[in-house]
Amino acid sequence: MNSRTALGLVGAALCATFLTVVAVGEDGSGGGVASSAPLAPPNGPYVALGDSYTAGPKIPGQSGKPAGCDRSDRNYPALVADGLGLGAAEFRDVSCSGATVGDLLAPQSTDDGVNPAQLSAVTTATRLVTVGIGGNDIGFGSLITACVKDGVRYQVASRFEAGAVDDAPCRKRYVLGGADEVAARIDAAGRRLSAALTDIRRRAPEARVYVVGYPSILPDGDGDGDGGCGRATGLAPGDVSFLREKERQLDTMLRERAKDAGAGYVDTYAPSVGRDACADEDVRWVEPLIPSAPAAPMHPNERGERGMARAVLRAVRAAG
């Protein structure tokens, strides 16, 4: 599998049987460019850029070209366009599963077709741009894959060596001697994003631009203290906390880079707390490794995309 096509996740059942899955990586708030009064919502062309959290893989109905982008017509960009009353001629969704910041500027090969450089859809006529990207730049899929493998070994070993097994083996893998490999990846992704946001502003100087953060994937609290989430996902309990910490750092970077570029930031994390992959299936926004609703594993389901859309619409309508 091409490592750029989608975030690959490897899950585990409690019996230590592995499942390989292909993935990436209600209301809300987000700042717009500062102004003395709210701006009217854009009534001109809207372009949605992003990765699989934007595209909505496995959520029906899948539409758009190339098919390998796994784009849903019920993802948050489609819902935002509908909420703003924009017709088909005023809306372009070029998001694609597996996209990195580099794929904003260059064509992206998928398992089924090539997606043109996403920024090619942004023109001087564009009046609204949303950008949901960054998870693939830090290798979040391979990170979770490694953590799940470590977690399965932890769960097997802890049955025989209770109290003597490191409960965060994946953290130890990525944080060595005070050097945090994932934090360094986040910093590097931030520099690339800043350059991309500058390019968006050059291409569409009249557009309102919003960076959309990632929703809560894993619960607050440690893995065992929150409904056994660590056991349900195959993660060691300390690594549930580690991965949540990395996601929060990623969202913080996205917020800061958006602010530096004069763009808005849409927080989808806060409204999704308690709706993570370990929450009850009738409330969760993100599906677990074995989904119970049509969605890619560890990705937003249709409820999650609706929630993200509400957060974006709130930010766009507030606009300052």
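In this predicted model, Asn301 has a relative accessibility of 3% and therefore counts as buried. The residue sits in the loop that runs between β14 (264–267) and α8 (302–318). Its side chain makes a polar contact of 2.8 Å with the side chain of Glu287. Leaving aside residues up to four places away in sequence, Asn301 also touches Ile59, Arg284, Trp285, Val286, Ala293 and Ala295.

The N-terminal end of the helix is capped by Asn75, with a side-chain oxygen 3.1 Å from the backbone nitrogen of Ala78. Just after α2, Gly85 adopts a positive phi of about 70 degrees.

Cys69 and Cys96 are linked with an S to S distance of 2.0 Å, and both are buried. The torsion about their S-S bond is about -90 degrees, so this disulfide is left-handed. The Cys147 to Cys170 disulfide, also at 2.0 Å, is left-handed because its torsion is about -75 degrees. This pair links helix α3 (residues 140–158) to helix α4 (residues 169–174), 23 residues apart. In the link of Cys229 and Cys278, the sulfur atoms lie 1.8 Å apart; with 55 degrees about the S-S bond, it is right-handed. Here Cys229 is buried at 1% relative accessibility, whereas Cys278 is partly exposed at 27%.

Note on methods: Residues numbered from 1 in each chain as written. Predicted model: local features only at pLDDT ≥ 70, side-chain atom pairs only at ≥ 80, totals over all residues. Heavy atoms only, no water. Helix = DSSP H or I, 4+ residues; strand = E, 2+ residues; numbered from the N terminus. Buried < 20%, exposed > 50% of the residue type's maximum accessible area, 1.4 Å probe, protein only. Polar contact = N/O pair within 3.5 Å; in protein donor to acceptor, adjacent residues only side chain to side chain. Contact = heavy atoms within 4.5 Å. Disulfide = S-S within 2.5 Å.
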